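The following note is intended for a colleague who is meeting this structure for the first time. Please read the numbered points with the model in view.

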Amino acid sequence: MKKIAQIEYLDVEKNYDYEETINRVLKECFLEENLLNTNIYISVTLTNPENIRSINKEYRNIDKETDVLSFPMFEKDEIQAIIKNKEYKVNDVLGDIVISLEKVKEQAMEYGHSFERELAYMLVHGFYHLMGYDHIEEKDKVLMRPKEEKILQNLNITRE
């Protein structure tokens with residue numbers, strides 16, 4: 001089976017249910033964006049609020065806890081060339097997604113849906129950042145949000 005995610009745990013307990021969700025969600029993302037037949041994968045790190053704050057400060061100069069961080073390895077046009085021309089190296093990493101599991105739990109409770117739904121959303125959100133999408137400006141948000149929702153709907157992971 002093709003490796004879609006390399007999953008790491010940073011100061012949090014390993015959990016096979018998380019891994020199943022991660023692989024299922026990212027497989028759907030890869031299918032939707034025509035990456036399934038490439039040798040590209042994503043590095044996913046699950047961690048705690050202290051570590052994600054430290055990473056956020058080190059790499060983004062923002063001394064604040066957050067829910068998810070994405071670190072793309074390619075520009076959007078490079079990704080499109082990879083998809084179109086199958087120009088990829090063996091086992092290229094699309095990028096890194098770092099998720100605070102504690103924030104996932106907090107936000108799931110805050111928004112009134114399951115932990116799985118919030119984790120899935122963080123993954124899809126991070127994936128589309130790796131694909132070059134953003135949501136800072138409204139014109140970009142209208143491109144990114146429907147893609148995120150389509151993945152979650154395809155997987156029947158809804159707001160409960």
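**Notes on the predicted model**

1. Lys64 sits in the loop that connects helix 2 (49–60) with strand 3; helices (H or I, at least four residues) and strands (E, at least two) are DSSP runs, numbered from the N terminus. Lys64 is exposed, its relative accessible area being 54%; the classes are buried, under 20% relative accessible area, exposed, over 50%, and partly exposed in between, with a 1.4 Å probe and protein chains only. Apart from neighbours within four places in sequence, Lys64 is in contact with Arg53 and Asn56, where contact means heavy atoms within 4.5 Å. Between the C-alpha atoms of Lys64 and Pro49 there are 9.2 Å, and the two residues are 15 residues apart along the chain.

2. The model is predicted, so local features need pLDDT of at least 70 and side-chain atom pairs count only at pLDDT 80 or more, while totals for chains, interfaces and linings use all residues. Residues are numbered from 1 along each chain as its sequence is written, and side-chain values use heavy atoms, with hydrogens and water left out.

3. Asn61 is found in the loop between helix 2 and strand 3. Its phi is near 60 degrees, a positive value in a residue other than glycine. Asn61 counts as exposed because its relative accessibility is 68%.

4. Asp11 lies in the loop between strand 1 and helix 1. Its phi, near 65 degrees, is likewise positive in a residue other than glycine. With a relative accessibility of 58%, Asp11 counts as exposed.

5. How do the strands pair? Strand 1 and strand 2 run parallel and are joined by six bridges; two strands pair if DSSP finds at least two bridges between them. Within this pairing, Tyr9 has Leu46 of strand 2 as its bridge partner. Strand 2 also pairs with strand 4 in the parallel sense, over seven bridges, and Tyr41 has Val93 of strand 4 as its bridge partner. Strand 3 and strand 4 pair in the antiparallel sense over five bridges, with Val98 of strand 4 as the bridge partner of Leu69.

6. Is strand 2 buried or exposed? Seven of its seven residues are buried. Tyr41, Ser43, Thr45 and Thr47 are buried on one side of strand 2, and Ile42, Val44 and Leu46 are buried on the other, so that both faces are covered. Strand 4 is largely enclosed by the rest of the structure, because six of its eight residues are buried.

7. The largest nonpolar core has 40 residues, and those with the most contacts inside it are Leu26, Ile42, Leu94, Ile99, Phe127 and Met131. A nonpolar core is a set of buried Ala, Val, Leu, Ile, Met, Phe, Trp, Tyr and Cys residues joined through side-chain atoms within 4.5 Å. Elements that give two or more residues to this core include strand 1 (5–10), helix 1 (16–32), strand 2 (41–47), strand 4 (93–100) and helix 6 (138–154). Helix 5 gives the most, with nine residues. In soluble globular proteins, nonpolar side chains tend to be buried together.

8. Leu94 deserves a separate entry. Residues up to four places away in sequence being left out, Leu94 touches Leu35, Ile40, Tyr41, Ile42, Pro72, Met73, Phe74, Ile79, Phe127, Leu130 and Met131.

9. Gln107 belongs to helix 4 and counts as buried, at 10% relative accessibility. Beyond its neighbours within four places in sequence, Gln107 is in contact with Asp67, Glu118 and Met122. Gln107 and Arg53, 54 residues apart in sequence, are 17 Å apart in space, C-alpha to C-alpha.

10. Which residues lie nearest the centre of the largest pocket? They are Arg60, Ser70, His129, Asp134 and His135, among 18 lining residues. A pocket is an open set of points on a 1 Å grid over the protein atoms alone where a 1.4 Å probe fits, with protein on both sides within 12 Å along at least five of seven lines; lining residues have an atom within 4 Å of a point. Strand 3 (68–72) and helix 5 (115–130) each supply at least two lining residues, and strand 3 provides the largest share, five residues.
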